[in-house]
Amino acid sequence: MSVLRRAREWLAQDPDPDTRAELSALLEREDLAALEQRFGAKLEFGTAGLRGELGAGPNRMNRVTVMRAAAGLAAVLGPGKHVVIGYDARHKSDVFARDTAAVLTGAGLRASLLPRPLPTPVLAFAVRHLGADAGVTVTASHNPPRDNGYKVYWGDGSQIVPPLDTEISTAIDAVGRVDDLPLGGPTTDPPGGLTTRTEPGTLTELGEEVVHAYLRAVTSLPLGEARDLRVAYTPLHGVGAATLDAAFLAAGFDGPLMVEEQREPDPDFPTVSFPNPEEPGAMDLAIVLAAKTEADLIVANDPDADRCAVGVPLPGGGARMLTGDEVGGLLAEHVITHTTGDRMVATTIVSSTLLGKIAQAHGVRYGETLTGFKWIIKAGPGLVFGYEEAIGYSVGSDAGLPVRDKDGIGAALTVAAIAAAAKRDGRTLLDLLDDQARRYGLHATSQLSFRVSDLSLITNAMSRLRTDPPATLGNLPVERADDLARGDGGLPPTDGLRYLLEGGARVVIRPSGTEPKLKCYLEAVVPVTTTPTEARARAGEQLASIRTDLETRLAL
């Protein structure tokens, strides 16, 4: 079928005037290149759901794509099942959420819609809180402004894993025209706005009680007694501000000082080039605010508030932003020392090895998983803390994890509690990092990534490393080489290589699952023989040497 015919058939079923206008204009001038970009491929539904650029066609995020995804989910779940739906403040998020509700209720399922744009962890919490069978959130997290996405959770409140993703994808492929789908179901608004017992085919528009329940859960985390802390905060134009402010106040902290230019949700993210707190420049306004207000701590959420960035203001201005691994180490030790019983902590193969040493020292179980929070959450029973190096954390208590996914609000609260206790003792998070370095050795991590225009370059680079593995990296002998594609290390097979080097250093190399990138995760471990500062300098030199060797070997 020609691209023009496919585009015309799409146009005939598209309910959105915006994408209809876009597609009509392309058809009118027969812009075959632009049409091929939209119709030459399709967004694939996987364990991360869907994510892509907004626009017309199967290779874009739009109302037709979303309605097909909802119909596929409905087919897998079946009539009578209950799905909670959340959304952020990106372009079309509210529309996609209501389209999802219309398709689900039209298929005889029960749908509950969160009351407004809210953080992703509120949706993940609500799935279990309401006893639902699944959840959907419309978000593209920290992607560029032109993107949106669609993430699916199962009844345990965690992201779907194989083979569910394949089942849903197959069901989506079997969906016909969306203008033939039955839509609707009466809207109900029960007293208080919250119910877990709706009739099949009905939509319940939830009230604020579900948010209050989430706040009660995260403020029940082990937060200690110290509360004297001044926090500079930015939600980066996302949906985190109101929920985080409410959480801080409910926990007894002063409300954070907010970057006013970034406080309100804005899908265009006008003050940042990329709405990710890890990107250069994204934290600049928060750092300036911290200096002006003499703040003790800097905190940021990404736009859907499932991630949390942390910084410590420095005397005279500026700040030291902590890595995800550093925050993970501090949170882990705090949770372990404030919980009891048979517990587990977990992280991924690309995160620092520090967590394993902390777990061993405290006598708790340690789990190592593939990348992605969907795997961390399934690490094993008794999980009270999990994190990934990309500033994602799930903090728990003796009662377990209130959110079985990344939770930037709960993490921010717990970091504030740690910082307040340190301040009471005349110290900062940087002093606590030095304490850990003395106890466990200085663990320094960094990343090296290569973006390519031809994916075969990545395939060839991985093949070269498998055929001719390095004997040394950064002048350190390679003591063990794991091919993760063979399941080395006891994990499910995945395309990746891991090198364990002399002295505890480590390198993991893997193709990105979402971008045309080869990612390298580097770690150096250096004992503190004099001062942590001196150890950090040595670790930095070691990382630089490993990086140079990798760049030469990969030749990308």
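**Exercise 1.** For the open sheet of five strands, determine the strand order and identify which strands stand at the edges.

*Solution.* The structure is a predicted model, in which local features need pLDDT of at least 70, side-chain atom pairs count only at pLDDT 80 or more, and totals for chains, interfaces and linings use all residues. Residues are numbered from 1 along each chain as its sequence is written, and side-chain values use heavy atoms, with hydrogens and water left out.

Step 1. Helices (H or I, at least four residues) and strands (E, at least two) are DSSP runs numbered from the N terminus, and two strands pair if DSSP finds at least two bridges between them.

Step 2. The order is E9-E8-E10-E11-E12, with mixed pairing.

Step 3. E9 (257-258) and E12 (319-321) each have a single partner strand, so one side of each lacks a neighbour in the sheet; these are the edge strands.

Step 4. E12 runs antiparallel to E11 (residues 308-313), and three bridges join them. Within this pair, Gly311 has Met321 in E12 as its bridge partner.

Step 5. Across E8 (231-234), E9 and E10 (297-301) lies helix H9 (residues 241-250), at about 155° to E8. Axes here are lines fitted to C-alpha atoms, for helices over the stretch in contact, and angles run from 0 to 180 degrees between N-to-C directions.

**Exercise 2.** Describe the packing of helices H1 and H3.

*Solution.* Step 1. H1 (residues 3-13) and H3 (residues 32-39) pack at about 65°, with axes 10 Å apart.

Step 1. From H1, Val3, Leu4, Arg6, Ala7 and Trp10 meet Leu32, Leu35, Glu36 and Phe39 of H3; contact means heavy atoms within 4.5 Å.

Step 2. The residues of this contact comprise seven nonpolar, no polar and two charged. Ala, Val, Leu, Ile, Met, Phe, Trp, Tyr, Cys and Pro count as nonpolar, Asp, Glu, Lys and Arg as charged, and the others, Gly among them, as polar.
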